[in-house]
Structures are given as C-alpha cells and as structure tokens.
Amino acid sequence: MVQLVGSLRKELADSLSACRVLVVGAGGIGCELLKNLVLTGFKNIEVIDLDIIDVSNLNRQFLFQKKHVGKSKAQVAKESVLQFCPTANITAYHDSIMNPEYNVEFFRNFMLVMNALDNRAARNHVNRMCLAADIPLIESGTAGYLGQVTVIKKGLTECYECQPKPTQKTFPGCTIRNTPSEPIHCIVWAKYLFNQLFGEEDADQEVATLENSNTDGDIKRVSTKDWARSTGYDAVKLFNKLFKDDIQYLLTMDKLWKKRKAPLPLDWLEIQKLGMPASSVARDFNDQQVLGVAGYSQLFSRSVETLRSMLADKGDGAELVWDKDDPPAMDFVTAAANLRMHIFSMNMKSRFDIKSMAGNIIPAIATTNAVIAGLIVLEALKILSGDVEQCRTIFLNKQPNPRKKLLVPCALDPPSANCYVCASKPEVTVKLNVHNTLVLALQDKILKEKFGMVAPDVQIEDGKGTILISSEEGETEANNSKFLSDFGIRHGSRLQVDDFLQDYTLLVNVIHCEDLEKDVEFEVVGDAPDKAPTPPSAQEDKNVANGNKDSAEPSTSSKAPAEQDDVLIVDSDEEEPSSSTMDVRMESGGHKRKLHDAETGEASAKRQRLDQPLAADEEDDDIIALD
C-alpha cells in the first residue's frame, strides 16, 4: 500500500522537506510560487530579488501590503510566507543574481532552481550557471493571458539559449520607473505620466513618488492627478516634482547605482539660467528636430498648460484620451521623455522618433501568474520524483483550442548541436569591420550584451597568447579605445573568450566585412535575432498530456495579425514567455506550420509533439512588451 503524506507519496514528501531550492525573483510569479512551494511541503527555500516594493505591485503581488512599500521584495516575501508556514526555512537575498558571490558553487547547493525573472540578461545568466552546476532549471514567463513553463536539464533538453530569440522587446516595470537605460523606457514612462495626469488613472502605471505616512505609520497613496489638481497643474511644480524631487529620491537607493551611472536631477530655475526664452520653442518646430534640455523644458511647460485647458473645458471628472496624432499630447510625451533621457544620460530623440514608438497598453493578468506558478511546482515534483524525462513544456493560451483546452503540454526538445552555450565546444562566427570596431564595443555590445557574459576575458589566438580584454579591473583598460585591427585582428582571426563566473568558454571566429548595413555594427553569422527559427513540417502525432490521452493542441487561429503602424505595449508581470516557442499551430491537413502569435505578432515555432503515451512525468513586476 502506498503511504501518503497529504496528497503526496511519503518518499516524495520527505524529499520535498529535505531538498534545497532556489527561487530567482519575488515579483508577480515569484509571490505565487513561494506560496505554492511552502504549501506543497518544501521547507528549505532561498529567494533572491534586487527589486523593492512599489505601490503598483500591491494589486497582484499579494505577499506585499501598503506598509511594505519601499522595502526589499525578497525579504518581505520571506516574512509574509513565514506567517502562514512558520516551520519553513527561508533565506532571502536583496541582491542581483548576477553578482560574483553567486557563483557555480553557490548553485551547486541546490537540487533545483526556479526562475521568476523579468529580463533576458538574468535569464541567460541563470541558464549558464545551472548548466555549469548541472542543476535542473525550471524556466517560466507570462505576457497578458499567455504563459509558459519549461524544464532545462544539461545534456537532456534545450537550454534557454539553444534557439535564437527576437531582439528583446520587453522591459520590467521597475526599469521603467527606477532605472531606465534605453529611450523606449523613458517614452513608456512619459505616456504613463500622461494617463496619470490627464487620462484614466491606473495603479500599474503610477510613475511618480506620491506617498504620505499617517500617524499609524501606514503608507497612504496620493493620486498623481489629485496632487496635480491641488497645484492647479502648475508646470513648474510638476517639473521639479518629476525631474528633481523624484530623482533625488531614487538616488537614496544606493544599491541601484553601484554598477549604473546615477541620474542627474534637473531644476527649473537652473535651466532657465541657460537663457533660452519660451518664445524660442516654435509651435511648429520640425518633427525631426532635437531641441535640447532648455527647449524641452519650455515644451513641457507649454504642453501642460494646453492639456490643463483642454481638461478644464471638458468639465469636472473629465479625462483626456491618449492619441499620438494629438499635437499637445505628443508634445507632452516628447518633452517628458526627452527630459528623462537627459537625466539618465541618454541621447535625446526627435518627436518623429518618439511618435513612432508610442502605442497601446494591455494590462497584467494576475491569474496568469497563479496558473504558471502552479505548473512550476508540478514540474518540480516530477524532477524530485526522478522523472525528468516526463517533464514537459506547457503553454497557457488565451483561447481554448478545438479540444477546449487552455493548457497545452509539448515534449521537451533535445539540446541544439549548434548552441553557442550548451554545445560541447561552443563556437560562433561574428561579422564586423575590424578597422571600425573598438575593443570596448567588442566587450560591451558583443560579448556582454549579445552573448550574455558578465566578466569576459579575451585572448587572441595569435601564437603569442595576447590578452585583449581582462576581467581584472584596470588591467587592459588602455585597450578599450583602440580598434581590433590595432592588435592584428583581421579576417579569419580567432578569439578565445572565457567567463570564469559562468564557467563558460566561447570561441569567436572573426569575419572582416566593410559593407554591413547602415547602423549595424556587427552580425552573428547564422543568427536571425528578429525571427523565430522556421521548423520543418512534421506529421501530427497523437498528443498526450502527462500520461492522459485526453490532451490538447494549442490554439489554432490561422489568422496572422494585420500590419500595425503603432508599437504594441503589453503590460505584464514577467517577461514574455521565455522559450523560443510560444504556440504550436496545426494545419487542417495534419501538418504543423509556423504562424504569427495573435498576441505578440512574432512568428511562433513548433515544438515536437509526443509520439507515444507517457507513463507519469535586482528586479521585478509589470512588463512592457513592444510588438
């Protein structure tokens, strides 16, 4: 007779209480996951997240309350979970998983790692650390109503980086509010600000720091619109609040600026001393023109006055609706976005560029996080039962498929022989101009940004072992401003690249090219970053879900989305589903084919279906996805 502890076999229940697991991320999925883990019987959990709690998190990250705003997500999540499961042993780290202290030996302390992350760089890093430590990883992601869970095991399945992925078009909400690093972050922030001041308010889009403490110590949220009304929509007060006071508040978060350039607050009076009169900002200035800080300050003031008048003309309780073809609305977003870009040391953009990046918003779905977190635990139970082969990639679709199923399991794919991460001898070929490419660009844009390394060391295979880049601070800094050709690198040169933190080695073959497309600095040969891989057609096999023949195909809508002029912004809790595939489509003839996903507009790739019945088996919150 099988002995049960709750709903689990005793052997499995004992395994759960004894094993150590790592949860990376304590946001939308992470909160649900931590709750599920302790209620299932996991006792030894470590959780890491660099983010702090924001007011906008409270409507779906249920481990947090108003009094927790401004505190560490990981620490508060631990405290909240211990309230309903005090016997659990939980360790919380308010830190980035990419810091050197979380090395391969750290990962080897765990039997299982579960990702609840919100950015590709961290996902790539955890993927490599788990491969190096030979620890199973459960990867997950959500985007609106869509979600996905998959299992990664060295030598058995594809790793996170086996398939080329489209250039990342998703950004965590904390990046939008606290640490923007790209112009699009500032444009989305400015559009959120427009809605908060003049349009329909949404807690998820709150971008200003407007909180007061009452006598009981509780945090009381102050509406941005109410505060603006109390000032009479005073443009100068708005300016100093958004671009000075809020930035100074961000500067108090020391950990955010350890490895980032700190923002520089703007002051209205200081800018006016630059001597640019308001009249110098023409009402019909060229859309291609970039005005500068003083010019955008005046444009901000003028657009606020215009929008205030428009709102007043509509009467009490009225709202303005965002329209990229409405000049005052576009002026406001252009000015606010550019001022924020300047604060965070980015090159400012023309109104034409900013208009082309504006778009629509789809809200985050809390229940999607809950479903995905539950599926993560189910896959974890298979792993701890010793049934890794029975693990599946599971897709959560927006609409039921013809079999009336929302959850669609698919077989895990084997590792790709051409993967530049998990192959036995990772190797890539990069096409670039050796006379124009700086060593610093090789380090930052190619090795770190493109190939996801943290601290690369580069040696030229020139018979001398020339060290081009060293991860030791200052050792090769003088090389940064030199071109690759200055070190004898030419067509056919080979670079040996090592990242000791990730226990990762990559051989880079250099192809010299002088006719790259405009604004393209390099290309990875064989890579198609803006397309999902096109799979070969295959006959439909009988699909089986976790040993149950009553299974499901993914949704089969055959309509590709129409071309859109606007950018689509998906406001979700985690990064868009993380694998190279999001959906599986079936043609009426029984053959699989790749179609565009109705939500993202990106091509979806097939996953191989099961061909026989189965036995048994730092941080962050809302995500902005650009289509």
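**Salt bridges in a predicted model**

Guide: This model is predicted. The chain has 15 helices and 24 strands. Buried residues make up 55% of its 627 residues.

Visitor: How many salt bridges does the chain have by this rule?

Guide: The count comes to 20 salt bridges.

Visitor: Why are K73 and D51 called a salt bridge?

Guide: Their closest N and O atoms are 3.1 Å apart. The cut-off is within 4 Å, between a nitrogen of Lys or Arg and a carboxyl oxygen of Asp or Glu. So K73 and D51 qualify.

Visitor: What does the pair of K73 and D51 tie together?

Guide: K73 lies in helix α3, and D51 lies in the loop between β4 and α3, so the pair ties together parts that are 22 residues apart in sequence.

Visitor: What makes K73 count as buried?

Guide: Buried means under 20% relative accessible area. K73 has 0% relative accessibility, so K73 counts as buried. D51 has 5%, so D51 is buried as well.

Visitor: How do you know that R177 and D54 meet in a salt bridge?

Guide: Their N to O distance is 3.6 Å. The limit is 4 Å, so the pair passes. R177 sits in helix α6 and D54 in the loop between β4 and α3, 123 residues apart.

Visitor: Is R177 buried or exposed?

Guide: R177 counts as buried, at 5% relative accessibility.

How values were computed
Residues numbered from 1 in each chain as written. Predicted model: local features only at pLDDT ≥ 70, side-chain atom pairs only at ≥ 80, totals over all residues. Heavy atoms only, no water. Helix = DSSP H or I, 4+ residues; strand = E, 2+ residues; numbered from the N terminus. Buried < 20%, exposed > 50% of the residue type's maximum accessible area, 1.4 Å probe, protein only. Salt bridge = Lys/Arg side-chain N within 4 Å of Asp/Glu carboxyl O.
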